[in-house]
Amino acid sequence: MQALMQDAQWLAALALSLWTGLLATALAAAGAAWVLATVYGTAQWQHLTRWVSPMLAVPHAAFAIGLAVLVAPSGWLLRVVSPWATGLQVPPPWASTQ
């Protein structure tokens, strides 16, 4: 933590991260408002609503896969803590999938 605070560019990096995060959020909200104002109630709206659900499912599926990789018996979380917390040298033979 001290090395981070002593780095001359950490404040600029933090400001840039916050700026890009806020700008991306504002642009996404403005784009969504524009799409809603432009196509709501039209035939394009019906077409758009058919394609929204698969697009929304992709991030959720990616999160579920990542969570499974993290907490599986041979996952990253157990591998990180096992030398100190469990003493396991190899992943346990727990049945987590069929």
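Biologist: How many aromatic pairs does the count come to?
Modeller: This is a predicted model: local features need pLDDT of at least 70, side-chain atom pairs count only at pLDDT 80 or more, and totals for chains, interfaces and linings use all residues. Residues are numbered from 1 along each chain as its sequence is written, and side-chain values use heavy atoms, leaving out hydrogens and water. Rings of Phe, Tyr and Trp (its six-membered ring) pair if their centres lie within 6.5 Å; planes under 30 degrees apart are stacked, over 60 edge-to-face, and the rest tilted. By this rule the count is one aromatic pair.

Biologist: Are the rings of Tyr40 and Trp45 stacked or edge-to-face?
Modeller: The ring centres of Tyr40 and Trp45 are 5.1 Å apart. Their planes stand at 70°, so the pair is edge-to-face.

Biologist: Is Tyr40 buried or exposed?
Modeller: Buried means under 20% relative accessible area, exposed over 50%, and partly exposed in between (1.4 Å probe, protein chains only). Tyr40 has a relative accessible area of 57%, so Tyr40 is exposed.

Biologist: What pattern does the protein follow along the sequence?
Modeller: Helices (H or I, at least four residues) and strands (E, at least two) are DSSP runs, numbered from the N terminus. The protein has four helices and zero strands. Read along the sequence, the pattern is α-α-α-α.

Biologist: What is the radius of gyration of the protein?
Modeller: The radius is taken over C-alpha atoms, and the globule rule is 2.2 Å times the number of residues to the power 0.38. For 98 residues that rule gives 13 Å; the protein is well over this, so it is more spread out than a compact globule. Along the principal axes, the C-alpha atoms fill a box of roughly 60 × 50 × 10 Å. The radius of gyration is 22 Å.

Biologist: How far apart are the end C-alpha atoms of helix α2?
Modeller: The expected span of a helix is 1.5 Å times one less than its number of residues. Helix α2 (residues 10-39) has 30 residues and should span 44 Å. The value in the model agrees with this: 43 Å.

Biologist: Which helix gives the most to the nonpolar patch?
Modeller: Patches are made of residues with over 30% relative accessible area and no salt bridge; like charges are joined within 9 Å, nonpolar side chains (Val, Leu, Ile, Met, Phe, Trp, Tyr) within 5 Å. A salt bridge is a side-chain nitrogen of Lys or Arg within 4 Å of a carboxyl oxygen of Asp or Glu. The patch covers about 1,200 Å², and its residues include Phe63, Leu70, Trp76 and Trp84. Both α3 (43-71) and α4 (76-86) supply at least two residues, but the most, six residues, come from α3.

Biologist: What is the relative accessible area of Trp84?
Modeller: Trp84 lies in helix α4 and belongs to the nonpolar patch. Trp84 is exposed, because its relative accessible area is 71%.

Biologist: What is the distance in space between Gly87 and Ser17?
Modeller: Gly87 is in the segment after α4 and is partly exposed at 45% relative accessibility. Gly87 and Ser17 are 70 residues apart in sequence. C-alpha to C-alpha, the distance is 39 Å.

Technical notes
Areas by Shrake-Rupley, 256 points an atom, 1.4 Å probe, with all protein chains shown as cover.
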